[in-house]
Amino acid sequence: MKILNLFKIRKEERWIALLMLGLLIALNTLTILKYYGIFTPLSDDYWNLFVGKFHVSGFDPITYYVVSDWEARYNVYRHPLLSFIMWLPYIVNQGCMWLFGINCVQFVVALILIFSGFYSFIFMHRICRDIIGLGRFDAGLLSLLLFSFAFVMLSSMVPDHFILSMFMLLLTLYISGMLIKEKQKMGIWTTILLFFATAGISLNNGLKVFLAGLFVNQKRFFRIKYLLFAVLFPALLIWIGSRYEYHFLVAPHENARHALKAAKQAEKKKRDTIDFKAVAKQQTASPKPAQKPASPPSSKPKRVKKGAPLMNGEFMRWTDVTTSRGQSAVENLMGESIQLHPDYLLQDEYSSRPMIVKYRWAFNYGVEALLMLLFIIGIWCGRNSRFLWLSLSFFALDMVLHMILGFGINEVYIMSAHWIYVIPIAIAYFLRGLQPLPQRILRVILVLLTMYLYVYNGYFIIKFMLC
């Protein structure tokens, strides 16, 4: 019953929750409209259909594939349980295919995205209300501010895992914050359930559940029983499970695909060689002046990875030690994540978008500087709050991964849903600590800022989706 109560919409939340529901439906409708004619026909090759046709920044349409033709196709070491989470939506989609004669994957996935985005908003609102202690208007304003950020809006409307991660992380923060407020401890089973749900979607986010356990339980976190059964045992279990999942579910399909690809390449090479020899023989026998025979067509050059890795290996090959951290922080981490760049709009960095794109207008940098100033002041105002430091620990973990080690730094903005909620949380402490007059001034600034971001990002998202 306690779990069910978490998802019950309170009376005071109904109107603003309805507003957010309308926004999420509108955003997902844009995605459906853009790809409806391409993705609804039934197909024998969904992988090449979705991967070849879906292009929104660096987001992957793997969820569309898994829900259309179930297979453990996610990287199991990064998303160990995500394929299994998508098994029920796959069954639902199979029923819809049989009933309507089209692939309803966009609608099924949209329901998942709307649910995750909706409750991300609800838990953000409750964090501001129940834990930080803001009034209804200020809590609603900061929750709306979160969803005005560019890549929170996008995460809520594209078939990737990021909005699911944000939903679980905000749920973890809300539960942890309430436990801190009520001076209770995080139990072993609570930790295990949160860990499997969070790490199952994205493994590195599972570490944040352990951080939550540390901040809530403090010294009790290091008790042998808790460390053994709430930390070591589930971590070991999910790692062993990932290895078995790869061995039994992923590797056989991978080997079959590689063998088929090798056979096709060998056949193509054989045909090209025969054609080349035939052309050369014909030109030799011809009385006309000899022309240089056409060379066999070369394969498309592979994209050169930008940024040298720290070392090669299963995970470390994704690191990057050469990309400028300063430029990436300004233009991508705190730039594109919040305000879209109109140049190379939502293009993929792995194909046509440069790693660093600058804004056309100085005003964008002014907005970015204002948000960062409010963020820093908020941290100072909430420096004595254990809950704020818990939230900042989530942020710090992502910064170590992305900005220090360089994991995904080339497109760091698409991971913003994992950490960007910390900005309005910090601002909430700034807002709470002000006297009435400066509080009203800050409130007006936040209203204008939120309206600007919705108009600015909304315009470019609509432009991209309807083009």
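Student: How do the residues of the lining of the largest cavity divide into nonpolar, polar and charged?

Tutor: This is a predicted model, in which local features need pLDDT of at least 70, side-chain atom pairs count only at pLDDT 80 or more, and totals for chains, interfaces and linings use all residues. Residues are numbered from 1 along each chain as its sequence is written, and side-chain values use heavy atoms, with hydrogens and water left out. The largest cavity is lined by T63, M86, V109, I112, L113, P159, D160, H161 and L164, where Ala, Val, Leu, Ile, Met, Phe, Trp, Tyr, Cys and Pro count as nonpolar, Asp, Glu, Lys and Arg as charged, and the others, Gly among them, as polar. The lining therefore divides into six nonpolar, two polar and one charged.

Student: What is the volume of the largest cavity?

Tutor: On a 1 Å grid over the protein atoms alone, a cavity is a set of points where a 1.4 Å probe fits but cannot get out, whereas a pocket is an open set with protein on both sides within 12 Å along at least five of seven lines; a lining residue has an atom within 4 Å of a point. Grid points are joined across faces, edges and corners, and a volume is the space filled by probe spheres set on the points. The structure holds one cavity of 30 Å³ or more, and the volume of the largest cavity is about 30 Å³.

Student: Which helix gives the most to the lining of the largest cavity?

Tutor: Helices (H or I, at least four residues) and strands (E, at least two) are DSSP runs, numbered from the N terminus. By that assignment the protein chain has 18 helices and zero strands. With three residues, the element that gives the most to this lining is helix 7, residues 105-132.

Student: At roughly what angle do the axes of helix 7 and helix 17 cross?

Tutor: Two packed helices are described by the angle between their axes and the distance between the axes. Axes here are lines fitted to C-alpha atoms, for helices over the stretch in contact, and angles run from 0 to 180 degrees between N-to-C directions. The axes of helix 7 and helix 17 (residues 422-432) come within 11 Å, and the crossing angle is roughly 35 degrees.

Student: Which residues of helix 17 make the contact with helix 7?

Tutor: Contact means heavy atoms within 4.5 Å. From helix 7 the contact is made by M124, I127, C128 and I132, and the residues of the contact divide into eight nonpolar, no polar and one charged. On the side of helix 17 the partners are P424, I425, A428, Y429 and R432.

Student: How many of the residues of helix 17 are buried?

Tutor: Buried means under 20% relative accessible area, exposed over 50%, and partly exposed in between (1.4 Å probe, protein chains only). Across the protein chain of 467 residues, 50% count as buried. Helix 17 is mostly covered, and its buried residues include V422, I423 and L431; the count for this helix is 10 of its 11 residues.

Student: Which helix gives the most to the lining of the second largest pocket?

Tutor: About 720 Å³ of space lies in this pocket, and among its 22 lining residues K2, I3, L6, I175 and T190 lie nearest its centre. Two or more residues come from each of helix 1 (2-6), helix 10 (162-181) and helix 11 (188-201). By class the lining has 13 nonpolar, four polar and five charged residues, and the element that gives the most, with six residues, is helix 10.

Student: Why does N457 count as buried?

Tutor: N457 has its place in helix 18 (residues 436-466). Leaving out residues up to four places away in sequence, N457 touches S148, F149, A150, M153, I338, Q339 and L340. N457 counts as buried because its relative accessibility is 0%.

Student: What is the phi of Y344, which is not a glycine?

Tutor: Most residues other than glycine have a negative phi, and most peptide bonds are trans. Y344 lies in the loop between helix 14 (325-336) and helix 15 (362-381), and counts as partly exposed because its relative accessibility is 39%. The phi of Y344 is positive, at about 55 degrees.
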